[in-house]
Amino acid sequence: MTTGPTPPRKQIHLAAHFPGVNNTTVWADPRSGSQIDFDSFVHLARTAERGLFDFFFLAEGLRLREHKGRVHDLDVVGRPESITVLNALAAVTDRLGLAATVNATFNEPWELARRLASLDLLSGGRAAWNVVTSSDAFTGENFRRGGFLDRADRYTRAAEFVAAARALWDAAGAGQRSFAWSGDHFAIAGESTPPRSPQGRPVVIQAGDSDEGREFAASAADVIFTRHGTLEAGRAFYRDVKRRLPRHGRREEDLKLMPGVTVVLGDTAADAQERAAEIRRQQISPQNAIHALELVWGRDLSAYDPDGPLPDVDPDPDSALVQGRVRHADPFEAAARWRALSEEKGLSIRQTVIETTSRQSFIGTPSAVAAAMAEFVERDAADGFILVPHLTPGGLDGFVDTVVPLLQERGVFRTRYTGTTLREHLGLTGTGVERSAA
Amino acid sequence: MPAPAPLHLAAEIGGPPHDDPGRLLGLARTAEEGLLDFVTLADSFGGPGPDALGALARIAPETRRIGLVPTVTTTHTEPFHVQAGVATLDWVSRGRAGWRVDVSTSAAENRLVGRRELLGPEAAWAEAGEVAEVSRLLWDSWEDDAEIRDTPTGRFVDRDKLHYVDYRGTAFGVRGPSIVPRPPQGHPVTVVDASAAVSRDTAARHADVVLLRAGTAEETAARGTELRARAAALGRDPGTLRILATLVVDLGDGPAASAPGGGHFGGSPAGLADLIARWHAGGAVDGFHLVPLAPDTGLARLTAGTVAALRERGLFRDRYEDTTLRGHLRLARPANHFATTGGAS
Ligand SMILES: Cc1cc2nc3c(=O)[nH]c(=O)nc-3n(C[C@H](O)[C@H](O)[C@H](O)COP(=O)(O)O)c2cc1C
């Protein structure tokens, strides 16, 4: 042991993703509860707060996914509207940050800035906005403006949207009554501003991985929600994004990188691996395996046996079979990869899907998981994690009871909340108002 | 003699400052202790404080029975977001949500969005009606038992019980289904202020609860009769409309002037109880939407004085008999449009 003052260790940030509306939730598990009843939200939020997490996170979908022209019926679907649920959760939690995913394409800046500032006010400074941009004609069919934005335009709109929202929050923070904004996407003005945000500005999160997405995050986000879960991919992503910050006049500590990860715990390493395999089997039911295959092939493959070999037909490059979900960029390349894997390991359709769609997980005993997470953060593969449990709403109970105390023992995670706002939890200095005024 | 129709009472809890959730919660709880049907929270599109829907969602978990009715404007907000937000208030309050439909017709509100032509009141109210209509369709777009969690077939939902609404309005279209499953009340309660002539058609078509600024008892009753007749002409059962007179009340200790003039009442809590009892006995209205001039003091006087006096006379409930706002209002849970039309859309 060293003597004298030790340098402060890099602290881990933790967030809880509410598991609803996706194929990670194992809904067939008898312990799986409702993804819509408010009690489920209360349970997971209180668990996260008990674990001193930075924030509670809700994803968003604005159209039910379709498959072969019909509503996709295999995964959890149906969810409440995020900001309204988070306002209600503000009543049953004290410190936990409350993060809503809200699309920048199908909303307008003044209105959303007000709703987020309201959440911030009503929660005492705990609001965050995860800015997503997906815009396609499919989702657009539920909206006045339709699906008119192409890929390039959606980030320019999102960036201008965030800038306009910031201008509004800053004006409110500075006690200004009137404001005006004029840009390529918005020309708005008014005599009133949204309510003053206790954090100065609600926290901004970005999720999206293209070069435009990363640049947007470097310029405007406080947190990135990433999918880069392996140590090496995480380190590369971390370097890439943090290196972009100085160009925008920002410092490394101004942007936190938080990959979405799953955690499977067991009494022994083997026990945890066995559980993880069982969860994967449940997530990829025989029906889901064929569905995943159809996403790549773009063909009706319902006649194939999920326990049999991959089809020998080629993918259909122009398939319109899938809606509301990004299809593999190059289906031929993906199919070739899947075939190679299946041949090499002698895998059936279902086994291949399980292997290729596996997400980054921390699997092991609580102490092994705590050690691995600490290493990730220490080696700059991440600043923390957004935990994506596979069970609603009890999926984080075990983590909070067993792993959190071990992280605390290591000195890499807080033992109490030291601040009241989400910005303070995240160690984001300043409210942003001072910075922009400077 | 037939039992008199139940009396319905609601109160407005808005007015500055409404940015303090503790204060709003206190007011809602006072109203709940008074067993009122619901509270309203006024708002506008460019409102200065927190949005009313968010503010009532914030206090929903800390109240148990009182109905929660925020003002929601339809002119600039996407209809899909409007219905999802109101349905979600119903989920988080376990069946106590309503929404008071309003429009935004000022140039100032329009400049906050900067995207549309300024809509006149007629067009804005017609559009509000379309938003109310598509909202009901979207609330029905999930049948109540659409979620099946059928392990043998691996199906989470029965997609035959999810419906496209394919709504074409004059200024918008929505494909559907909603992302929010059908809310606990089926349809959260739609409230429309029909005091102004321009909103009357929308009220007759779409409102469960109509608010009318109180004139004299006779004027108010006549207006209510006219609205019910319009609703009937549109094919609705006029008995499913609750008509409440909106009265701004000043229960200060000033001189009693107990006749309402221009929608105002000034006088004692007991005097107000007399007035309410008289109007109700005469069948003028189903109840009152009371707007205390100073809610922080006025609402407590209202419940401790006026409501208690009405209860003593046996005119108002002495406990909540139901858990939902529809239940308090004695409005049935609506049948699902798609289930009853065999899913044709
Ligand atoms: C980790 C992660 C989570 C996301 N969550 C959502 C979501 O909840 N709702 C949504 O509409 N899009 C979501 N997205 C999609 C992104 O907002 C974005 O549209 C997509 O990644 C494509 O952007 P890109 O080209 O920059 O990758 C998510 C993306 C990532 C990487």
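## Two chains, one predicted model

Of the 345 residues in chain B, 60% count as buried, where buried means under 20% relative accessible area, exposed means over 50% and partly exposed is in between (1.4 Å probe, protein chains only). In chain A, buried residues make up 61% of 438. This is a predicted model, so to speak plainly about the ground rules: local features need pLDDT of at least 70, side-chain atom pairs count only at pLDDT 80 or more, and totals for chains, interfaces and linings use all residues. Residues are numbered from 1 along each chain as its sequence is written, chains are lettered from A and ligands numbered from 1 in the order in which they are written, and side-chain values use heavy atoms, with hydrogens and water left out.

**Chain B overall**

- Chain B carries 11 helices and 14 strands; helices (H or I, at least four residues) and strands (E, at least two) are DSSP runs, numbered from the N terminus.
- The radius of gyration of chain B is 20 Å, which agrees with the value near 20 Å for a compact globule of 345 residues. That radius is taken over C-alpha atoms, and the globule rule is 2.2 Å times the number of residues to the power 0.38.
- Along the principal axes, the C-alpha trace of chain B spans about 70 × 45 × 45 Å.
- Take the contacts in chain B between residues at least 6 apart in sequence: 72% of them join residues at least 24 apart. Contact here means heavy atoms within 4.5 Å.
- Accessible areas come from the Shrake-Rupley method with a 1.4 Å probe; for residues, only the protein chains shown count as cover.
- Chain B has 36 positive and 43 negative charges, and their mean positions are 2 Å apart. Lys and Arg count as positive and Asp and Glu as negative, while His and the chain ends are not counted; each charge is placed at NZ of Lys, CZ of Arg, CG of Asp or CD of Glu.

**Chain A overall**

- Chain A has 15 helices and 14 strands.
- For 438 residues, a compact globule would have a radius of gyration near 22 Å, and chain A agrees at 22 Å.
- The C-alpha atoms of chain A fill a box of roughly 65 × 60 × 40 Å along the principal axes.
- Among chain A contacts between residues at least 6 apart in sequence, 75% link residues at least 24 apart.
- Chain A has an accessible surface of about 17200 Å², and 50% of it belongs to carbon and sulfur atoms.
- The 51 positive and 58 negative side chains of chain A have centres 4 Å apart.

- Helix α2 (residues 52-59) of chain B is mostly covered, with eight of its eight residues buried. Among them are A52(B), L56(B), R58(B) and I59(B).
- The cover over those buried residues includes pieces of both chains: α2 (82-92) and α3 (109-122) of chain A, plus α1 (21-33), β2 (38-41), β3 (67-73) and α3 (79-92) of chain B.
- β3(B) also pairs with β4(B), in the parallel sense and over three bridges; two strands pair if DSSP finds at least two bridges between them. V72(B) has V101(B) in β4(B) as its bridge partner.
- Strand β4 (residues 98-102) of chain B is itself mostly covered, with four of its five residues buried.

- Three strands of chain A form an open sheet in the order β4-β3-β12, with antiparallel pairing.
- β4 (70-71) and β12 (322-323) of chain A stand at the edges with a single partner strand each, so one side of each has no neighbour in the sheet.
- Strand β3 (residues 66-67) of chain A is joined to β4(A) by two bridges and runs antiparallel to it; H67(A) has R70(A) in β4(A) as its bridge partner.

- The peptide bond between T392(A) and P393(A) is cis, with omega about -5°. P393(A) sits in the loop between β14 (384-387) and α13 (397-409) of chain A.
- G176(B) and P177(B) are also joined by a cis peptide bond, with omega about -10°; P177(B) is in the loop between β8 (173-174) and β9 (189-193) of chain B.
- D380(A) is not a glycine, yet has a positive phi of about 60°. D380(A) lies in the loop between α12 (366-378) and β14 of chain A, and at 33% relative accessibility counts as partly exposed.
- R149(B), not a glycine either, has a positive phi of about 45°. R149(B) is found in strand β5 (residues 147-150) of chain B and is partly exposed, at 22% relative accessible area.
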